[in-house]
Amino acid sequence: MGAALARAAQWTAAGSGTGTLEITPLNESLLNQIIKFAEDFSTRHPQEAAFVFREPLEWKTQLGCSVFGEGYEINGATVQSEAKGKDGQPLLLLTASTLRVRSFDQLSCLLQIAMEKKLKEAQACLEANRDPIVKILGPEYGTVEEDMSMLHLLDKVKKYDDPETEMKMKIFLLLHQLDLQLLNSSLKHISQDVRLNPAAINNEVNLLKNFSGKGEDTVLESLEYTPDYVFSNGCRAPPWRQVHGEICYLFIKPHDTDPLYITCSTAGVFLNGGQLKGKDDIDYERKSDVYKDIVTFLRERSPRFVENMAKQEYNFFKEPTYEKNYQRMEVVDAKVSGQSQNLYDFTEKNVREKVKSSAARRRSIDKKKLEPSMKWKNTGLSASHRNKYFSDKAAKKDTEEEGRSSTVSLKIKKKASGISSESVKIQPASKCKTSGRFEDISESSSETEEDEEQPVRHQEGNTDLPSEYWGIQKLAKYLKGGNPTATVIALCSMRDFNLAQETCQLAIRDIGCLEVLINLLDTEEIKCQIGSLKILKEISQNTLIRHAIADLGGLQIMVKILDSPDKDLKCLAAETIANVARFKKARRTVRQHGGIKRLVGLLECISVGSASLTPHQAKETEIARCGALALWSCSKSVKNKEAIRKAGGIPLLARWLKCSHANILTPVVGTLQECASEPSYRLAIRTEGMIENLVKNLSSEHEELQMHCASAIFKCAEDKETRDLVRQHGGLQPLSVLLGNSENKQLLAAVTGAIWKCAISGENVSKFREYKAIEALVGLLTDQPEEVLVNIVGALGECCQEPLNRTVIRKCGGIPPLVKLLTGTDQALLVNVTKAVGACATEPENMMIIDRLDGVRLLWSLLKNPNPEVQASAAWAICPCIENAKDAGEMVRSFVGGLELIVNLLKSKNKEVLASVCAAITNIAKDEENLAVITDHGVVPLLSKLANTNNDKLRRHLAEAISHCCMWGSNRVTFGETKAIAPLVRYLKSNDPSVHRATAQALYQLSEDPNNCITMHENGVVKLLLAMVGSTDETLQEAAAGCIANIRRLALATEKAKYG
């Protein structure tokens, strides 16, 4: 850890002084790894965690006394741990704002207490303890040459055979291992960064100087080096600053801000302290964030710079010396090979953010002409300008022909409803409509219902375009201006290229072929339509192409083609729709133009279920497969799911589910599992007999089909009837078998989800035990993604409802990993794991393990979680822990602040939280000392405030809590004074027998106070209780009779006092 802090971490003070750790991405990564190591240390290495440091780690903390709970003694502004070393000193001591920690155990607890402040605490600790190993183990273990240090320590252990030395050696090795991990992590992080160099900075400065001056349209007033002397390596920073990676310093005067002094270093550009007063030197200390280049820095500092840069570029392109300037910039690019095109990255980003009007869009195209790098070629630079500077003479000739505005001159009759002539026209700049493509993507990405990855742009090393690009361009003129025969030949030739390659896909878009391909769909020439669709089907795998097709109106035409009598045409149109409809706008377009009804119509076929197919049946099956693929893509929209149902899609999907061909089963089941999130579909899946087929396909050889079947069962098994059907059709065994395929995480997530929901039924749990599924689930509790863990723990939580399974989980070693998961952050996982731990705690032997692993404290700490579901689940889990712990009263009292915390949760607005907390208070109040403490914290008035509720679950647990709280002091009287009696009497009118029993017990306890008896009598309790005296429930009988007896004794005493 010492070596990593010294070599890898980034400190603010480059010269003398202690310096501080800035939260840069690298530092944040290192701190998070150190935090994880410290948090897990006490669990992974309990013996080493108890080791007392040679000297305490001491730092200024931001934590207050109030955050410390159980295990700590709070006295005013001082906090000390109950745990102490051999010298009697506390292992954690907080005085004022100074914190001293003397063991990993306390360090781990502290980080868990700090919660969202743990990063700041770790930062402060490491800043104050630059070589923490010396503080922990002593100076002889300091950061020295590792090999010699290791040999020395080994000799020492061998010579003295001292347990303490052996312990130190173990800790040192663990810290050394962390050190290596941090250094490797930082190396990977640094290797991914783009490093600036003197040549790149010089080129950027010279380029900016060309746009600077006194004029209104210049981007800057001036930009100068300070100092101006250049060393032999190209740097201008003095040698003693160069060792810190600094290259030069600039004095910049923007039009709209104060002058800026900036430092350019290999790591990036940042603001420094400026010229020191009275000295010929500058303040080198960093005063801002680090930016990747000068332009990005100025963009953040000067709005005028952004505005004028755009103007300058526009005017620049109107100059007659365009070609000369372009060539000069190409030379600059060659000099800075490997360096990112930062100025142009800025330009692109500026276009996305600022261009709104059509005039601005045209200007964005002109800006793209400035960029000679492949990045711009891939994002819409027109073919005509590429050809002008990069092609041979033949290509130039092609460009001249293409540069003139032309239309698709096919001698073919156009449909009356075809695309407008504007969409057919090929602009000289090639991509007038798609020049704003990135803006469109950024807008649509926020609307998409699924995460869709954007293609990664890789900078290519040279400016030569691949041969495929020129080949496609030569075909373009035949595609745009040929007769039908020439067009078909051009389409066939274009298909000979590798259309799965991104270069070919974007070449088709860039040179204007995409508009032509879409226009060809609106002709009456079948061969041209088929050729166009075959190309569109391939290239629509690309995200940018998908958006472009949707923007150019391609989806509307494809939807019309679904009515075509030509089967090949319908198949291709449906497959292309399936590719394009992967974002919300496209799915909406398909629905609004009647596409859903047409796609459902493709599923109508008489050959369903046939083992051997005739050529005609095979073609119909292929049509249905393509239709199912398109419906699968469209079904990610809620409105489309409803449209599919209204169009009669469910019975047709059910029919296709009976076939045995995996190629059509996969999209059919995929569509069903997407739609199964809707209750109407779940009902239909059950009533149409689809569960049997879903279960059958769990045994398929195709993992994707298995995954979708399991996912459909996962969603449908919310209903009891479906869970029973899965069992009756033998679905539980294949699900259990699929747990063995732990490599495929998507399949595992679906299977464990299905098992979880099926396990809600007790009959299914018995089957899972028979198939050894519980042991398999326990074995999967480690090294799994959170989506899988949520389902595994949910399944175990349901299985734990049976005593036999709780024993199985303990014997399989499942309790420690479950307890460990209580330290997680995923809310759904925490809800499930608390339920599972609570269910396990109902067995005394399990409870001993949970207590030993500090599980109850972890559960109690989850009561602080802001999520009401987690709070409620944690409170329910605490109940069996208290019931089955050996010394429950003492255990609860050991949680400092724990009782106050749980009483304060009675102020929650969530009914489930209130019910669970009342249940926990019922168990806490069984211990007299704890009852006294919660009484002091105001539990009685808080319980009384909840009395006016109609929720039977809350009523039951509230009445039980009131009943047990009556056992202390004058609590009975206080309940009467706080108006809790009358609402309790009304509980007896509930239809829930458990509410009657709990209420009768509470009223019996409250009736020990005469005033309460009067209130009960006034509210008609006697008549209600008399009916319950004859109940078969003995507890209810006794409580009702006891309450009536107390009321009667009071009445007799009153009469005797009155009449003698």
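Author: A salt bridge is a side-chain nitrogen of Lys or Arg within 4 Å of a carboxyl oxygen of Asp or Glu. This is a predicted model, in which local features need pLDDT of at least 70 and side-chain atom pairs count only at pLDDT 80 or more, while totals for chains, interfaces and linings use all residues. Residues are numbered from 1 along each chain as its sequence is written, and side-chain values use heavy atoms, with hydrogens and water left out.

Reader: What makes Asp724 and Lys720 a salt bridge?

Author: The closest N and O atoms of Asp724 and Lys720 are 3.0 Å apart, and the limit is 4 Å, so the pair qualifies. Both residues lie in helix H38, 4 residues apart, about one turn of the helix. Helices (H or I, at least four residues) and strands (E, at least two) are DSSP runs, numbered from the N terminus.

Reader: Why is Asp724 called buried?

Author: Buried means under 20% relative accessible area, exposed over 50%, and partly exposed in between (1.4 Å probe, protein chains only). Asp724 has 13%, so it counts as buried.

Reader: How many salt bridges does a search of the whole structure find?

Author: The search finds 37. Lys537, Glu575, Glu622 and Arg625 are linked in a network of them.

Reader: Why is Arg546 called buried?

Author: Arg546 has a relative accessible area of 3%, so it is buried. Arg546 lies in helix H26 (residues 543-551), and its side chain reaches the backbone oxygen of Gln541 at 2.9 Å.

Reader: What makes E6 and E9 edge strands?

Author: The sheet is open, with 4 strands in the order E6-E7-E8-E9 and antiparallel pairing. Strand E6 (222-225) and strand E9 (268-271) each pair on one side only.

Reader: How do you know that E6 and E7 pair?

Author: Two strands pair if DSSP finds at least two bridges between them. E6 is joined to strand E7 (residues 246-253) by 4 bridges, so the two pair. Ser222 stands opposite Lys253 in E7.

Reader: Where is the pLDDT below 50?

Author: pLDDT is the predictor's confidence in each residue, from 0 to 100. The chain has a mean of 80, and 80% of its residues reach 70 or more. Over residues 13-17 the pLDDT is below 50, and this stretch has 4 contacts (heavy atoms within 4.5 Å) beyond near neighbours in sequence. The pLDDT also stays under 50 over residues 144-149. Where pLDDT is low, the predicted coordinates should not be read in detail.

Conventions
Polar contact = N/O pair within 3.5 Å; in protein donor to acceptor, adjacent residues only side chain to side chain.
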